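Hi there,

Here is the structure I promised to pass on.

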Amino acid sequence: MQCKCGGVLIDGKSTFRTSRKNFSLIIMNIPAKKCMRCDEVRFSGETDEKLELLTERMERGSSEIVRMKPGEVRTSFRKSTNNFTFIMEHVPAAKGTASDDEEVAPEAAVLIKKLVNTIERDSNEIITGKPSANLYDY
Ligand SMILES: [Zn+2]
């Protein structure tokens, strides 16, 4: 396989990063090809598609969470594993919390858990190339 520039592509791993209005998502260890000549890194078409779908889902899910209004206070949520880092901003905080580490409102926490499960499942599938059992079928 060759790059557009004519260089040789070698197998490796790369990182996907996206930042949207309400969240940032980083997925590590994704199989990728890198050009020896121009350094361009490319994921497979299938991986690109999966990453795009996942990002769209996250956009929908995160805006649903941000629209919730249990209290005025907003907080952030962060989850990191070996495969990904997910940071969400403007998350409704639980009522009565006003410190620097506000707790996420319970109704928002339920939706965030679903998003995190989706990232866990999809990132695992993207990284291993194997479909994972649909453990979290909502
Ligand atoms: Zn190239």
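Thr47, Leu54, Met58, Gly61, Ser62 and Ile65 are the buried residues of α1, where buried means 20 or more other C-beta atoms within 10 Å of a residue's own, exposed means 12 or fewer, and partly exposed is in between, with C-beta atoms placed from the backbone. This is a predicted model, in which local features need pLDDT of at least 70 and side-chain atom pairs count only at pLDDT 80 or more, while totals for chains, interfaces and linings use all residues. Numbering starts from 1 along each chain as its sequence is written. Helices (H or I, at least four residues) and strands (E, at least two) are DSSP runs, numbered from the N terminus.

The cover over those buried α1 residues includes β2 (23-35), β5 (84-92) and α2 (106-128). Isoleucine 127 belongs to α2, and its C-alpha is 8.8 Å from that of threonine 47, 80 residues away along the chain. Isoleucine 127 counts as partly exposed because 18 other C-beta atoms lie within 10 Å.

Now the strands, which pair if DSSP finds at least two bridges between them. β2 runs antiparallel to β1 (residues 9-19), with ten bridges, and the two form a hairpin with three residues between them. Arginine 17 sits opposite isoleucine 26 of β2. Five bridges link β2 and β5, also antiparallel, and phenylalanine 23 has methionine 88 as its bridge partner in β5.

On confidence, pLDDT (the predictor's confidence in each residue, from 0 to 100) averages 89 for the protein, and 89% of the residues score at least 70.

Best wishes

Methods: Contact = placed C-beta atoms within 7 Å.
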